Amino acid sequence: MQKSIFRKYFSICTSLILASILILGIALMLFASQYFKTEKYDLLSSNVEKAVNILEESTNSINHTSVNSITKSFLEILSDAIEAEFYVVGMEGRTAYCTEEYPCRHTTYILSEEILNRLNKNNAYRELGNLGNIYKQNYYTVGQKVFNQQGQTIGYVFASMKASGPLKDFLGEILKMFLISSIAVLIVVTIIIYFVTHQMVKPLREMSEAAQEFGKGDFSKRLTVDDYNEIGQLAMALNNMAQSLSTLETMRRSFIANVSHELKTPMTTIGGFIDGILDGTIAPEKQKQYLRIVSDEVKRLARLVRSMLNLAQVEAGEMQLNLEKVDMVDTICQTLFSLEKQIEAKQLEVRGLDREKVFVEADSDLIHQVIYNLTENAIKFSNEGGYLEFEFLKEGNRMLIGIKNSGEGLSKEEIPRVFDRFYKTDRSRGLDKNGVGLGLYIVRSIVNLHGGEIMVKSAQGEYCEFLFTLPCAKTSKFKRTNHERA
């Protein structure tokens, strides 16, 4: 079963806390054990030193008869006070007196030369062990030398204390307090981590639910952004994505509706006229007229399909640019020659072409399509006896090209939508019955593909002007044409 992020994060945090408590407990036991050991050594050393001082004041030699009753009483008091065994040892290692009850185990053993040599060498002796097999278990043992008034060593005083029992009791108490404290801390921290984790995961769950709604096509849900942290930024990104998807969905639906409408109208016309010809509703002498209408509608459908294919290539990034040095004045002149009949029919005056060549870096075929679409529109919507005006202005490494026509122009409401797909103004629907509303959208896409910008300026009742930018040609980058070489 797949773990939720809440369970996973909660488990990791709890495991880390438990591991930290375990490590802390082990470290505490080690330090406590070392502290206990040091304290016992210090306690034994201080009391052994007191015993040495008493012996040095009361005797000049150590044997079975040299330890007087006062010294014995003092050693017994020290033994009872710290719960340790004190024994006085002569130079040969034999015990002269011991506070342990009779029979004293020390009197039956002689301390090894190794222990005495270590004490003589270091002037003190410390051991955690069985003192040369005298004890059956580990004892803390401390020993010091006893000197006479002439400064000669006359014997030794040792004190031993059980190690296992007191240490075990001490560590048991420490462990008990540590466990109680750890359990209390663990409960409190676990509760805190639970609620903190729940609060951290809550936005992620909301994002998951929102993403599922987005997957179903509902882009209306929005996430609340409380903090500008990583999760807040992710929520903002999802909100922006939802807004973009909503806009794209609206555009998709609008696109499908517009395409359906654009396809339905000519297909209905074609189907109606063909059926009329086949069933004899349309008289034979009028059939040629209606077939011409059918032909126009078929051409309109072909233009629509061609435009949509071009549009799909541009939007998919599949259209490759074949950049070359293009003379914009020559391209415009060629376009005007192909539209000569329409220009003469409206008796338009052409302005702005009596100038030198203007070179840009562009794909000649695509730019020709831009010029043709803009010029054809300018002619179509200009008034009779009006003008067509072309403008060229260099701005840094870019060339600004303007195509302007006199006439009704565009209203303020129409300007922001003029580059939308399938958008046609009310006036254009009357003047351009064959258009499909994709020309200007494709024009903008081609200009943007070249890294340029396009905009429109208009004064209603006076003029309309489209301006776009293209990168200027770099002469050294392109080979000269045969015409230039000549």
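Student: Which strands do the buried residues of α3 pack against?
Tutor: They pack against β3 (124-129), β4 (139-147) and β5 (153-162). Contact means heavy atoms within 4.5 Å. Helices (H or I, at least four residues) and strands (E, at least two) are DSSP runs, numbered from the N terminus. This is a predicted model: local features need pLDDT of at least 70, side-chain atom pairs count only at pLDDT 80 or more, and totals for chains, interfaces and linings use all residues. Residues are numbered from 1 along each chain as its sequence is written, and side-chain values use heavy atoms, without hydrogens and water.

Student: Which residues of α3 are buried?
Tutor: In α3 (residues 113-122), I115, L116 and L119 are buried. Buried means under 20% relative accessible area, exposed over 50%, partly exposed in between (1.4 Å probe, protein chains only). They cover an arc of only 95° around the axis, so they sit on the same side of α3. The arc is taken over directions from the helix axis to the C-beta atoms.

Student: And what does the face turned away carry?
Tutor: The exposed residues E113, E114 and K121.

Student: What follows α3?
Tutor: N123, with a positive phi near 65°.

Student: New topic. How many disulfides turn up?
Tutor: Zero, in a search of the whole structure. A disulfide is a pair of cysteine sulfur atoms within 2.5 Å.

Student: Is C464 buried or exposed?
Tutor: C464 is buried, at a relative accessible area of 7%. C333 has 23% relative accessibility, so C333 counts as partly exposed.
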